[in-house]
Amino acid sequence: MKKSIIILVSIMFIFSLYAIESFSEDNEINKIEQLLNKRIDIINEYLYEEQDFLKLKERLEKIERSTLLNSDLDVLSRVMNNPTDYELAKSVKVENIINIDYKEESIDLDAILNWKSYGYEGEKNTLKKYQIQCILIDNKMYLKNLENIQ
């Protein structure tokens, strides 16, 4: 009887660890998705409303660091100096996680992102594979790099 209780408790412990890990991973994915959507909002507001580069930089620094921040600022500076038409990103959703790697101060993942956009042909959804790098600073997550790998 004792042996079956020990086995049952052990199995429950293993399942609870799996559930906690799964919950933590879902929580991290939700944070990344929120950061990506916040990035879309900030960029769209800059392009279509605000057009204040210093305010853009200040807002992006709250969610981005390193490579992605520098790239976004460079691209948006060029876009404002050389206006052109392009599809308007409306939102993004993490559809599928291919690989995720947790490190002490970063999270790297390969994922399929579903981009909802609007262009001349109307609204459309596009699935693309991305490598996403996030960095953790003072318990806050920032987007570090976003690279299309497909």
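The legends below describe close-up views of one predicted model, starting with the whole chain and moving to single residues.

In this predicted model, local features need pLDDT of at least 70 and side-chain atom pairs count only at pLDDT 80 or more, whereas totals for chains, interfaces and linings use all residues. Residues are numbered from 1 along each chain as its sequence is written, and side-chain values use heavy atoms, with hydrogens and water left out.

**View 1. Overall arrangement of helices and strands in the chain.** The chain holds three helices and four strands, where helices (H or I, at least four residues) and strands (E, at least two) are DSSP runs numbered from the N terminus. Along the sequence these elements follow the pattern α-α-α-β-β-β-β. Of the 150 residues in the chain, 30% are buried, with buried meaning under 20% relative accessible area, exposed over 50%, and partly exposed in between (1.4 Å probe, protein chains only). Among the contacts in the chain with a separation of 6 or more, 50% join residues 24 or more positions apart, a contact being heavy atoms within 4.5 Å.

**View 2. The largest nonpolar core.** A nonpolar core is a set of buried Ala, Val, Leu, Ile, Met, Phe, Trp, Tyr and Cys residues joined through side-chain atoms within 4.5 Å. The largest such core has 30 residues, of which Leu-36, Leu-60, Leu-109, Leu-113, Ile-132 and Leu-146 touch the most other members. At least two residues of this core come from each of helix 1 (2-50), helix 2 (53-60), helix 3 (66-81), strand 1 (88-102), strand 2 (106-119), strand 3 (122-137) and strand 4 (140-148). Helix 1 contributes the most, with nine residues. In soluble globular proteins, nonpolar side chains tend to be buried together.

**View 3. The surroundings of Leu-113.** When residues up to four places away in sequence are not counted, Leu-113 touches Leu-36, Val-92, Lys-93, Val-94, Thr-126, Leu-127, Lys-128, Tyr-130, Ile-132 and Leu-146. Within this list, Leu-36, Ile-132 and Leu-146 are, like Leu-113, among the residues that touch the most other members of the core.

**View 4. The packing of helix 2 against helix 3.** The two helices pack at an angle of about 160 degrees with their axes 11 Å apart, where axes are lines fitted to C-alpha atoms, for helices over the stretch in contact, and angles run from 0 to 180 degrees between N-to-C directions. Helix 2 and helix 3 are therefore roughly antiparallel to each other, since angles under 35 degrees count as roughly parallel, over 145 as roughly antiparallel, 65 to 115 as roughly perpendicular and the rest as oblique. Helix 2 contributes Phe-53, Leu-56, Lys-57 and Leu-60 to the contact, and helix 3 contributes Leu-69, Asp-72, Leu-73, Leu-76 and Ser-77. These residues divide into six nonpolar, one polar and two charged, with Ala, Val, Leu, Ile, Met, Phe, Trp, Tyr, Cys and Pro counted as nonpolar, Asp, Glu, Lys and Arg as charged, and the others, Gly among them, as polar.

View 5. Lys-144 lies in strand 4 and counts as partly exposed because its relative accessibility is 30%. With neighbours within four places in sequence left aside, Lys-144 is in contact with Arg-65, Ser-66, Thr-67, Leu-68, Gln-133, Cys-134 and Ile-135. Lys-144 and Asp-108 are 36 residues apart in sequence, and their C-alpha atoms are 9.5 Å apart in space. Asn-145 is also placed in strand 4, but counts as buried because its relative accessibility is 15%. Not counting residues up to four places away in sequence, Asn-145 touches Thr-67, Leu-68, Gln-131, Ile-132 and Gln-133.

**View 6. Asn-37 in helix 1.** Asn-37 lies in helix 1 and is buried, because its relative accessible area is 19%. Its contacts, apart from neighbours within four places in sequence, are with Ser-91 and Val-92.

View 7. Ser-66, found in helix 3, has a positive phi near 55 degrees although it is a residue other than glycine, and at 35% relative accessibility Ser-66 counts as partly exposed. Asp-138, which is not a glycine either, has a positive phi of about 50 degrees; Asp-138 lies in the loop between strand 3 and strand 4 and counts as exposed at 75% relative accessibility. Asn-139 lies in that loop and counts as exposed at 83% relative accessibility. The C-alpha atoms of Asn-139 and Glu-105, 34 residues apart along the chain, are separated by 9.0 Å.
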